[in-house]
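Please look over the model below before reading my notes.

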Amino acid sequence: MAYIYDRPDWPAFRWDEGALAVQLAAVRHHQGRLLGRMEALGFPLRDEAMLQTLTQDALKTSEIEGEVLDGAQVRSSLARRLGIDAAGLVPADRHVEGVVSMLLDATGANDRPLTAERLFGWHASLFPDGADRRPPIVVGGWRTDAHGPMQVVSGALGRERIHFQAPPASRVPSEMDRFLRWFEDPTLRIDPVLKAVVAHIWFVTIHPFDDGNGRIGRAVADMAFARSEETSRRFYSFSARLRVERNAYYATLEAAQKGDLDITPRLAWFLSALDGALSDAEAALEHVLRKAGFWLDIAGQPINARQRMMLNRLLDGFVGHLTTSKWAQIAKCSQDTALRDVDDLVGRGVLVRVSGGRSTHYRLAP
């Protein structure tokens, strides 16, 4: 199978600017409109929107690779690092901290140059126990192909399908040097949004690490998106949209890697996905505003820390029915304390009791 990295004109990616012009202009307008709405919010709402976005980004970029992180841990880690006052903070394990560290460095410090050392740091954050894995992986360094060629494979053992085989490890240092020089070249005449997409395709085609290439490649794209907006604040999650369209995301990437260097279809698909991410962010903004309205409505009422934490969980979309037993477990209190907390909120019309007997549960009042 021939891949684009073996073509004589590699890596001279090309695309039809005319075919993308209308779509790109619409996305850039959508991008500017969302950022304008977000910047118009007060600081507390802006912080909440950013916290929600980054939480989704960390969760979904990991889910794309089949890794499920704890949402409460991700949110707590982000809140602590951003200095945001958030109720119900919980300790986060080192894998969560690693993903959060990478995302915040990529977007929050997007004005700093992207270097091999910086990428090594991201990789080391993602795999704090990489040397203990079986087989072990190179952590904080380019892959060596010590266990065979780097391949993207699916299917059961004995019936595997090879979707992609990366260039030999011996090529990685020079390929990454060329990529990083291009990424930081101030003379390039390319729209920053398109640059983000090209960077992603180029990076994951080199596949420079033993593991984590997808997550790091998306972080590189997020860095380029942040540069395109000239802000360190993130109000939309590209990874969350890619998680929704995961199959198409991989299919179009595979087609680009097995085609020629005209990546117009891949760019068009990415622009469509980015527009979807921006629309998702507008819906999330409405949620943030509704949540702010809820707290404004009950401002002045006595709410203890347990109640605030559990109400925020309900506002953020509690999975399943909330019972006093779940309240006690999550809030780490006794069943009697949980019942008093709940009865207090029911008595004030903040919560409503649903059903009865052993199936009694509670939800937010309309």
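The numbered points go from the whole chain to single residues.

1. **Basis.** This is a predicted model; local features need pLDDT of at least 70, side-chain atom pairs count only at pLDDT 80 or more, and totals for chains, interfaces and linings use all residues. Residues are numbered from 1 along each chain as its sequence is written, and side-chain values use heavy atoms, with hydrogens and water left out.

2. **Overall build.** The protein has 14 helices and four strands. Helices (H or I, at least four residues) and strands (E, at least two) are DSSP runs, numbered from the N terminus. The radius of gyration is 23 Å, close to the 21 Å that the globule rule gives for 366 residues, so the protein is as compact as a globular protein of that length. That radius is taken over C-alpha atoms, and the globule rule is 2.2 Å times the number of residues to the power 0.38. The C-alpha trace spans about 75 × 45 × 35 Å along its principal axes.

3. **Burial and contacts.** Of the 366 residues, 48% are buried. Buried means under 20% relative accessible area, exposed over 50%, and partly exposed in between (1.4 Å probe, protein chains only). Take the contacts between residues at least 6 apart in sequence: 66% of them join residues at least 24 apart. Contact here means heavy atoms within 4.5 Å.

4. **Surface and charge.** The accessible surface comes to about 17,100 Å², and 53% of it belongs to carbon and sulfur atoms. Accessible areas come from the Shrake-Rupley method with a 1.4 Å probe; for residues, only the protein chains shown count as cover. There are 45 positive and 46 negative charges, and their mean positions are 4 Å apart. Lys and Arg count as positive and Asp and Glu as negative; His and the chain ends are not counted. Each charge is placed at NZ of Lys, CZ of Arg, CG of Asp or CD of Glu.

5. **Salt bridges.** Side chains of opposite charge can pair when their charged atoms come close. A salt bridge is a side-chain nitrogen of Lys or Arg within 4 Å of a carboxyl oxygen of Asp or Glu. By this rule the protein has 33 of them. Asp6, Arg171, Glu175 and Arg178 are linked in a salt-bridge network.

6. **Arg215 and Glu67.** Their closest N and O atoms are 2.7 Å apart, and the two form a salt bridge. Arg215 lies in helix α8 and Glu67 in the loop between α2 (43-63) and α3 (71-82), so the pair ties together parts that are 148 residues apart in sequence. Arg215 is buried at 7% relative accessible area. Glu67 is partly exposed at 26%.

7. **Arg306 and Asp341.** This salt bridge has its closest N and O atoms 2.7 Å apart. The pair links distant parts of the chain: Arg306 sits in helix α12 (residues 305-315) and Asp341 in helix α14 (residues 335-347), 35 residues apart. Arg306 is partly exposed, at 30% relative accessibility. Asp341 is buried, at 5%.

8. **Asp9 and Arg14.** These residues also form a salt bridge, with the closest N and O atoms 3.7 Å apart. Asp9 is partly exposed, with a relative accessible area of 32%. Arg14 is partly exposed as well, at 37%.

9. **Arg118.** Is this arginine, Arg118, buried or exposed? Arg118 counts as buried because its relative accessibility is 5%. Arg118 belongs to helix α5 (residues 116-126). Neighbours within four places in sequence aside, Arg118 contacts Asp105, Ala106, Ala109, Arg112, Pro113 and Met223.

10. **Backbone points to check.** Most residues other than glycine have a negative phi, and most peptide bonds are trans. Trp10 and Pro11 are joined by a cis peptide bond, with omega about 0°. Pro11 lies in the segment before α1 (17-39). His207, not a glycine, has a positive phi of about 50°. His207 is in the loop between α7 (192-206) and α8 (213-229) and is buried at 13% relative accessible area. Glu230 is not a glycine either, and has a positive phi of about 55°. Glu230 is in the loop between α8 and α9 (238-244) and counts as exposed at 75% relative accessibility.

11. **Gly158.** Gly158 is in the loop between β1 (151-154) and β2 (161-165). Gly158 is exposed, at 65% relative accessibility. From Gly158 to Arg37 is 53 Å in space, C-alpha to C-alpha, and 121 residues in sequence.
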